[in-house]
Amino acid sequence: MAASIPLSSRPSLSAISRVARCFTSASPSQPTPSSPSSSPPLFAFSTNPDLARRQDAERRNVQWVFLGCPGVGKGTYASRLSTLLGVPHIATGDLVREELSASGPLSHQLKEIVNQGKLVSDEIIISLLSKRLKAGEAQGESGFILDGFPRTTKQAEILERVTDIDLVVNLKLREDVLMEKCLGRRICGQCGKNFNVASINVKGENGNPGISMDPLLPPAHCMRKLISRADDTEEVVKERLRIYWEKSQPVEDFYRRQGKLMEFDLPGGIPESWPKLLEALNLDDFEEKQSAAA
Ligand SMILES: [Zn+2]
């Protein structure tokens with residue numbers, strides 16, 4: 001593969017600063033002065049003519065987005081990659097949960113919204129993300145993998161004004177398999193961790209490969225406290241997926257037009273999918289080097 005992945009260890013925080021600044025101010029971001037660069041672009045799909053940004057990208061770590069419908073396992077893959085690459089895995093769902101258990105004006109506002117069963121607005125998600133990025137920057141973080149953000153084209157546009165998202169990975173799974181997986185979801189009522197009791201074994205047919213996925217079973221101490229969400233019924237899951245696809249289409253199109261969208265069809269569970277995903281991201285060598293160094 002010709003494309004190389006930016007894996008420099010020298011962090012540059014200006015991109016994160018720009019995101020944080022834009023999220024907290026209404027003024028448009030200032031253009032960065034350009035300077036010539038002789039290095040090749042990091043990604044073949046780069047359409048951004050701003051060379052300063054490109055130089056910036058060479059110094060920092062990856063700035064990726066993970067898309068995928070509920071149940072596809074995007075959190076799992078985003079989290080594994082963030083560990084491998086040494087970048088934070090920022091899931092907006094986690095940010096909301098953390099804020100709910102904190103105190104302060106934003107937390108108070110958030111609790112009211114959640115108690116009334118309303119959707120958390122773009123503005124609140126953006127201020128949570130901004131807070132998270134600033135805190136990370138203060139601790140010397142570089143790069144990020146965003147999970148669950150952007151949800152809307154409006155959010156994608158805000159992100160685009162201030163930083164270069166290098167790559168958007170769209171994880172996909174066959175609908176029948178996805179349905180089974182969603183219905184197998186369980187959460188531990190005590191520690192809040194997610195598991196999956198579905199054991200999937202779909203035979204290949206009509207040229208499509210078969211898919212088998214092992215359940216993700218909890219440790220013994222969680223086993224007896226497993227609960228499934230009351231709304232994880234077939235009908236509700238179908239509707240949730242339909243809504244997801246309807247809403248995600250514009251976001252996918254937004255990144256597809258920029259040549260940043262990488263579609264990835266999951267070939268099975270983690271043991272089958274992880275090496276294939278690394279290969280697609282041109283990181284298979286990187287993992288070997290990491291394990292050799294460990
Ligand atoms: Zn537990």
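**Notebook: the parallel sheet and its packing**

I looked up strand 1 and found four bridges joining it to strand 3 (residues 144-147), with the two running parallel. I count helices (H or I, at least four residues) and strands (E, at least two) as DSSP runs, numbered from the N terminus. Two strands pair if DSSP finds at least two bridges between them.

This is a predicted model: local features need pLDDT of at least 70, side-chain atom pairs count only at pLDDT 80 or more, and totals for chains, interfaces and linings use all residues. Residues are numbered from 1 along each chain as its sequence is written.

**Strand 1 and its partners**

Glutamine 63 stands opposite phenylalanine 144 in strand 3. Strand 1 also pairs with strand 4 (residues 167-172), in the parallel sense, over four bridges. In strand 4, tryptophan 64 has leucine 167 as its bridge partner, valine 65 has valine 168, and leucine 67 has asparagine 170.

Is strand 1 buried or exposed? Five of the five residues of strand 1 (residues 63-67) are buried, so it is largely enclosed by the rest of the structure. Buried means that 20 or more other C-beta atoms lie within 10 Å of the residue's own; exposed means 12 or fewer, partly exposed is in between, and C-beta atoms are placed from the backbone. I then looked at each face. Gln63, Val65 and Leu67 are buried on one side, and Trp64 and Phe66 on the other. In a regular strand the side chains alternate between the two faces of the sheet.

Five strands form an open sheet, ordered 2-3-1-4-10, with parallel pairing. Strand 2 (89-91) and strand 10 (261-265) stand at the edges with a single partner strand each, so one side of each is left without a neighbour in the sheet. The twist averages 20° from one strand to the next. For angles, axes are lines fitted to C-alpha atoms, for helices over the stretch in contact, and angles run from 0 to 180 degrees between N-to-C directions.

Strand 4 is mostly covered, with five of its six residues buried. Five bridges join strand 4 to strand 10, and these run parallel. Leucine 171 has phenylalanine 264 in strand 10 as its bridge partner. I listed the other neighbours of leucine 171, leaving out residues up to four places away in sequence: among them are Phe66, Gly68, Val72, Tyr77 and Leu266. Contact here means C-beta atoms, placed from the backbone, within 7 Å.

**Core**

Which residues have the most contacts inside the largest nonpolar core? They are Trp64, Phe66, Leu129, Ile145, Leu146, Val169 and Leu171, in a core of 44 residues. Helix 6 gives the most to this core, with five residues. A nonpolar core is a set of buried Ala, Val, Leu, Ile, Met, Phe, Trp, Tyr and Cys residues joined through C-beta atoms within 7 Å.

**Helix 4 on helix 6**

I finished with a helix pair. The axes of helix 4 (residues 92-100) and helix 6 (residues 122-138) come within 10 Å and cross at roughly 90°. Helix 4 and helix 6 are therefore roughly perpendicular (65 to 115 degrees; under 35 is roughly parallel, over 145 roughly antiparallel, the rest oblique). Thr92, Leu95, Val96 and Glu99 in helix 4 meet Ile125, Leu128, Leu129 and Arg132 in helix 6.

Note on methods:
Two residues are in contact if their C-beta atoms, placed from the backbone, lie within 7 Å.
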